[in-house]
Amino acid sequence: MKKIELSDCDLKVISDICAKYEKKESELINILHKIQSHFGYLPEEVQRAVASELDIPVARVYGVVTFYSFFTMQPKGKYAVSVCLGTACYVRGAEAVVAALEKELGIKVGGVTDDGLFSLDCLRCVGACGLAPVMMVGEKVYGRVTPEQVGHILDEYRRNS
């Protein structure tokens, strides 16, 4: 993983967010949400700064970041593309949708396109089983997606960039 250097401004943002939650360890998830919203992801250096601010072990922060799927230690693309691989979606062809996305984007699951426009991930359940298979771009849900639709859906976002 590529190391980043946090500026004084970055450290102040982290400090201010932690202070907003009174630097309580019990608020760690909320703190990490806010910080991830600011930075887009939670690299090691950010986790170390949070641990220092809260006076807790880095391992505690890392454990939370790696346990919850909504946290990421890798930068995401401008448009985060996710495919549900829950049982209903899987049975109804989600794997073929993932394969089509990998081919269309030229990346594997967990990757980011070279232009930084798209990242690709899989989820366990979106809660839209009746629309299986489900694909999300950001917060927008696409239901009953076929591999043939993937390119058209992505083109909507390419045109807007």
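**Domains, pocket and helices**

Analyst: The centres of domain 1 and domain 2, taken over C-alpha atoms, are 29 Å apart. This is a predicted model: local features need pLDDT of at least 70, side-chain atom pairs count only at pLDDT 80 or more, and totals for chains, interfaces and linings use all residues. Residues are numbered from 1 along each chain as its sequence is written, and side-chain values use heavy atoms, with hydrogens and water left out.

User: Which residues does the domain assignment give to domain 1 and domain 2?

Analyst: The bounds come from an automatic or database domain assignment. The chain is split into domain 1 (8-67) and domain 2 (79-160).

User: Where does the largest pocket lie?

Analyst: A pocket is an open set of points on a 1 Å grid over the protein atoms alone, where a 1.4 Å probe fits, with protein on both sides within 12 Å along at least five of seven lines; lining residues have an atom within 4 Å of a point. Both domains give residues to the lining of the largest pocket. The largest pocket therefore lies between domain 1 (8-67) and domain 2 (79-160).

User: What is the volume of the largest pocket, and which residues are closest to its centre?

Analyst: Volume here is the space filled by probe spheres set on the points, with grid points joined across faces, edges and corners. The largest pocket has a volume of about 660 Å³. Of its 18 lining residues, the closest to the centre are S69, F70, K76, A80 and S82.

User: Which elements each supply at least two residues of that lining?

Analyst: Helices (H or I, at least four residues) and strands (E, at least two) are DSSP runs, numbered from the N terminus. Those that each supply at least two lining residues are α2 (28-39), β1 (79-84) and β2 (118-123).

User: Which residues of α1 are buried, and where do they sit around the axis?

Analyst: Buried means under 20% relative accessible area, exposed over 50%, and partly exposed in between (1.4 Å probe, protein chains only). In α1, the buried residues are D10, V13, I14, I17 and C18. The arc uses directions from the helix axis to the C-beta atoms. The buried residues of α1 fall within an arc of 130°, so they line one face of the helix.

User: What span should helix α6 have, and how far apart are its end C-alpha atoms?

Analyst: The expected span is 1.5 Å times one less than the number of residues. Helix α6 (residues 94-105) has twelve residues, so it should span 16 Å. Its end C-alpha atoms agree, at 16 Å apart.

User: Which peptide bond is cis, and what is its omega?

Analyst: Most peptide bonds are trans. P133 lies in the loop between β2 and β3 (135-137). The cis bond joins A132 and P133, with omega about -5°.

User: Is E22 buried or exposed?

Analyst: With a relative accessible area of 57%, E22 is exposed.

User: Is Q47 buried or exposed?

Analyst: Q47 lies in helix α3 (residues 44-54). Its relative accessible area is 3%. Q47 is therefore buried.
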